[in-house]
Amino acid sequence: MAFSDNCAEDDIPRFVSWTTVVISSLLCVLTVPVNMLTCIAIIKDPFKDLRTPFNYFIINLAVADLVIGFVTLPSFIIYHSREAIEGKKLSWIWVFHLTYFMSLTASLLSLSALAVDRCRTVTSTSCRRLKPMHGYLTSALIWCLSLILPLIYLLIEAYLFIFVFSNTSAIVVFAILLASHKSTSKTMQSHVKNWDTIKHSDFKRRALARERKVTRSFMTILTVFCSTVFPSCIAANIISFCTTCSCDITNTLRDVYFLLPMIIAATNQLLYSMRMRNFRRAYVYLFQHTVFSQKIRSIMLFGSNLCEDKRAPFELSVTTATISTILCVITVPGNVLICLAIVKDPNKELRSAFNYLVLNLALADLITGICTEPVFVVFHVREALKYDVMSRVEVVHVAYFISCTASMLSIAALATERYLTVTSTYRRSCSRSRTVAISIGIWIFSVSVSFIYFATGFYTFVFVFANTTVVATLLIIIFAYIRIYQSLHVHVDNVEATRSDRMMEQRVKYEKKATRSFLLVLFVFVCCNVSSCVIIYIILLCDVCSCDVIHWLRDFQFLMALVNCSANQFLYAWRMPTFKRAFKVLLRFKERRVE
């Protein structure tokens with residue numbers, strides 16, 4: 001195998017890895033909801049017209065595609081993200097390979113079973129169909145083979161298995177599809193010619209028209225299958241036999257080989273079930289009558305007026321205004337001092353990429369203290385005095401979303417910078433211009449996205465905000481924390497083994513302390529924002545909660561995010577000796593100027 005012998009240790013082109021990550025993410029987003037909806041529709045079968053052996057094979061195909069969407073594609077994304085960051089192949093690629101081969105085998109066998117069932121149904125004069133029990137047994141056999149056959153991968157060379165798998169599966173499945181298509185097409189043409197001479201034609205014609213539409217939809221699936229699997233096989237053969245191809249070309253073909261068959265998983269149900277009337281009726285019914293869809297519709301309906309026609313309790317308004325005032329007093333001076341320390345840098349030791357991102361975080365928290373929290377105080381004081389406040393509530397909400405989005409994105413950028421610095425074998429740092437560009441991008445994104453609030457309403461936007469910005473930042477934090485923790489252990493072990501490199505030992509101690517301080521920031525972020533997300537779900541989905549409870553939860557959800565903004569300064573800057581020295585110089589200078 002040319003690939004496994006010559007390119008196993010070569011660096012991967014980063015643009016190839018990032019392109020694969022983007023395409024895999026899009027396929028994952030498209031694959032999961034469509035196939036899940038198909039499975040739910042067949043299982044519930046609201047109109048009792050989906051329980052057929054053919055549709056049992058469709059649900060089998062949908063389950064195989066769901067495995068791709070839930071397991072294979074996410075592992076593919078994680079693998080290539082790390083591959084792009086580290087620039088080399090990783091040792092645990094076998095996890096992705098096994099899930100890929102198992103799900104793809106199940107998908108191919110399900111397509112073959114669908115082809116055979118179509119052929120039997122259309123070509124039979126008595127409309128022969130498989131019994132439901134035969135459908136269950138065939139599905140069970142498909143999954144047994146799909147789980148057993150890929151285990152051969154663990155016994156032989158990886159790319160030898162890829163070569164054998166791609167050629168045998170493609171040829172066998174293509175032969176079944178071609179034979180079924182030929183027989184089905186011939187029979188359908190014969191039926192069409194006999195339509196005018198059939199007795200009792202109304203019923204018979206409707207049955208034939210439905211069979212023709214089902215078969216045409218399925219043949220579209222087969223066409224897409226052939227147009228993706230065969231180029232994938234060609235890529236596998238080029239990888240195996242091309243001895244003059246560069247490693248960049250080979251690595252690109254490797255990703256093309258894996259991505260093309262996964263396109264089938266994202267498009268199968270769009271080409272079949274989404275085009276059939278009985279499936280569309282089932283989808284509409286499920287959206288109209290299931291509890292989950294009613295909850296989603298209620299979220300979209302109440303938009304921004306959940307209990308807003310009723311005043312909040314007086315004690316709640318006073319409590320929230322008091323806490324917001326305390327947080328404002330804590331937030332503003334500390335973050336102003338951090339910004340001055342980094343901008344002036346009196347000891348010439350704070351000009352680093354990480355501290356520039358800390359400056360961006362401090363600016364976000366400072367805007368929270370200068371704008372968001374004072375507006376919050378005024379709003380709740382007026383609310384306690386029973387003035388009309390709902391006409392100005394947009395000011396509070398927009399200021400909150402802008403500052404919180406900027407703060408979360410800054411923490412995500414800090415996590416990424418810590419990860420790159422600690423895990424690199426050399427001193428990798430962002431340039432000043434790049435850090436400024438990242439900071440500007442964070443603020444442009446925060447301001448532009450927050451104005452979507454005016455189109456959706458508060459509760460709809462905060463629901464989406466909780467499930468995108470907070471969750472995405474949390475995932476980045478978890479990934480960075482795990483990698484930083486592992487890398488620091490390796491660095492400490494190396495320093496203890498050498499003992500000679502004094503500078504390296506000091507650097508590791510500094511990085512360890514800085515990272516420990518930063519992880520405290522991340523811990524508080526998780527405690528504050530995850531609990532805030534939980535509260536959002538309670539507000540939106542609690543049917544028995546009174547308006548007083550909703551108002552208490554609403555204010556508590558705001559305050560948790562504001563506590564995070566107030567606490568960031570104490571968890572990082574105030575604990576670091578470099579910042580403490582800068583603060584002392586600045587405060588002494590101010591004291592002299594006062595004197």
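Q: Why does the span of helix 2 (residues 14-44) agree with what its residues should give?
A: The model is a predicted one, in which local features need pLDDT of at least 70, side-chain atom pairs count only at pLDDT 80 or more, and totals for chains, interfaces and linings use all residues. Residues are numbered from 1 along each chain as its sequence is written, and side-chain values use heavy atoms, with hydrogens and water left out. Helices are DSSP runs of H or I with at least four residues, numbered from the N terminus. The expected span is 1.5 Å times one less than the number of residues. Helix 2 has 31 residues and should therefore span 45 Å; its end C-alpha atoms are 45 Å apart, so the two agree. Just after helix 2, aspartate 45 has a positive phi of about 45 degrees.

Q: Why is the pair of tyrosine 400 and phenylalanine 401 called edge-to-face?
A: Rings of Phe, Tyr and Trp (its six-membered ring) pair if their centres lie within 6.5 Å; planes under 30 degrees apart are stacked, over 60 edge-to-face, and the rest tilted. Here the centres are 5.4 Å apart and the planes stand at 65 degrees, so the pair is edge-to-face.

Q: What makes phenylalanine 279 and tyrosine 283 a tilted pair?
A: Their rings are 6.2 Å apart, centre to centre, with 45 degrees between the planes, and the pair is tilted. Because these residues are four apart in helix 9 (residues 277-289), about one helical turn separates them.

Q: Why does tyrosine 400 count as buried?
A: Buried means under 20% relative accessible area, exposed over 50%, and partly exposed in between (1.4 Å probe, protein chains only). Tyrosine 400 has 3% relative accessibility and therefore counts as buried. Phenylalanine 401, at 0%, is buried as well.

Q: Which residues have the most contacts inside the largest nonpolar core?
A: A nonpolar core is a set of buried Ala, Val, Leu, Ile, Met, Phe, Trp, Tyr and Cys residues joined through side-chain atoms within 4.5 Å. The largest one has 61 residues, and Ile338, Phe401 and Phe579 have the most contacts inside it. Helix 13 supplies its largest share, 12 residues. A second, separate core of 60 residues includes Ile59, Leu114, Ile142 and Ala282.

Q: How do you know that arginine 281 lies over the face of phenylalanine 47?
A: The rule asks for NZ of Lys or CZ of Arg within 6 Å of the ring centre and within 35 degrees of the ring normal. Arginine 281 lies over the face of phenylalanine 47 at 4.6 Å from the ring centre.

Note on methods: Helix = DSSP H or I, 4+ residues; strand = E, 2+ residues; numbered from the N terminus.
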